Amino acid sequence: MRRPLVLRAGFELNSDKLGEVPTGTPIIVVEQKDGDNGAKRALIKYAKPEAEGGGDGQGWVTSVLKDGTSNFAALPSSSSGGGGGASAEGEGAKKSAFH
């Protein structure tokens with residue numbers, strides 16, 4: 001079972017924690033960078049749940065663990081507004097995914 005993603009203010013793992021992104025939340029990957037020990041970090045945007053006040057959320061999460069396990073999965077094509085979902089692989093591309 002996957003755990004919620006820890007959302008941080010900056011790329012660094014010790015930056016301020018902004019909250020958590022629940023499993024299954026659709027996200028947009030804005031940017032992805034290599035982190036420590038083979039891990040990758042991604043700047044994401046997502047729609048906050050109404051229970052958290054709604055609106056848009058943004059922050060950094062671990063997208064790929066150091067063992068190579070991805071925290072993201074592709075959206076079904078019907079959920080991504082047409083052009084099909086995409087995994088969070090690749091640098092600098094804007095992609096729809098969920099974790």
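This is a predicted model: local features need pLDDT of at least 70, side-chain atom pairs count only at pLDDT 80 or more; totals for chains, interfaces and linings use all residues.
Residues are numbered from 1 along each chain as its sequence is written, and side-chain values use heavy atoms, with hydrogens and water left out.

Q: How many helices and strands does the protein chain have?
A: Helices (H or I, at least four residues) and strands (E, at least two) are DSSP runs, numbered from the N terminus. Read from that end, the elements run β-β-β-β-β-β-β. The count is 0 helices and 7 strands.

Q: What percentage of the 99 residues is buried?
A: Buried means under 20% relative accessible area, exposed means over 50%, and partly exposed lies in between (1.4 Å probe, protein chains only). Of the 99 residues in the protein chain, the buried ones make up 31%.

Q: Among contacts with a separation of 6 or more, what share joins residues 24 or more positions apart?
A: Contact means heavy atoms within 4.5 Å. Take the contacts in the protein chain with a separation of 6 or more; residues 24 or more positions apart account for 45%.

Q: How much space lies in the largest pocket?
A: On a 1 Å grid over the protein atoms alone, a cavity is a set of points where a 1.4 Å probe fits but cannot get out, and a pocket is an open set with protein on both sides within 12 Å along at least five of seven lines. Grid points are joined across faces, edges and corners, and a volume is the space filled by probe spheres set on the points. For the largest pocket, that space is about 530 Å³.

Q: Which residues that line the largest pocket are the closest to its centre?
A: Lining residues have an atom within 4 Å of a point. The largest pocket has 21 of them, and the closest to its centre are Leu13, Arg41, Thr62, Leu65 and Asn71.

Q: Which strand gives the most to the lining of the largest pocket?
A: First, sort the lining by class: 7 residues are nonpolar, 7 polar and 7 charged. Here Ala, Val, Leu, Ile, Met, Phe, Trp, Tyr, Cys and Pro count as nonpolar, Asp, Glu, Lys and Arg as charged, and the others, Gly among them, as polar. Now look by element: the most, 3 residues covering part of 5–8, comes from strand β1.

Q: Thr62 makes a polar contact with the side chain of which residue?
A: Thr62 lies in strand β5 (residues 56–64). A polar contact is a pair of N or O atoms within 3.5 Å; within protein, one must be able to donate a hydrogen and the other to accept it, and residues adjacent in sequence count only if both atoms are side-chain atoms. Leaving aside neighbours within four places in sequence, Thr62 is in contact with Leu5, Leu13, Lys40, Arg41 and Asn71. At 2.9 Å, the side-chain partner in the polar contact is Arg41.

Q: Is Arg41 buried or exposed?
A: Arg41 is found in strand β4 (residues 40–47). Among the residues in contact with Arg41 are Phe11, Glu31, Trp60 and Thr62. Its relative accessibility is 5%, so Arg41 counts as buried.

Q: How far is the backbone oxygen of Glu12 from a polar atom of the side chain of Ser15?
A: Ser15 sits in the loop between β1 and β2 (17–21). Its relative accessible area is 14%, so Ser15 is buried. From the backbone oxygen of Glu12 to that polar atom is 2.8 Å.

Q: What separates the C-alpha atoms of Ile27 and Gln58?
A: Ile27 has its place in strand β3 (residues 26–34). It counts as buried because its relative accessibility is 2%. Ile27 and Gln58 are 31 residues apart along the chain, and their C-alpha atoms are separated by 9.4 Å.

Q: What is the phi of Asn37?
A: Asn37 is found in the loop between β3 and β4. At 62% relative accessibility, Asn37 counts as exposed. Although Asn37 is not a glycine, its phi is positive, at about 55 degrees.

Q: How far apart in space are Gly68 and Lys40?
A: Gly68 is placed in the loop between β5 and β6 (73–74). Its relative accessible area is 52%, so Gly68 is exposed. Gly68 and Lys40 are 28 residues apart in sequence; in space, C-alpha to C-alpha, they are apart by 9.0 Å.
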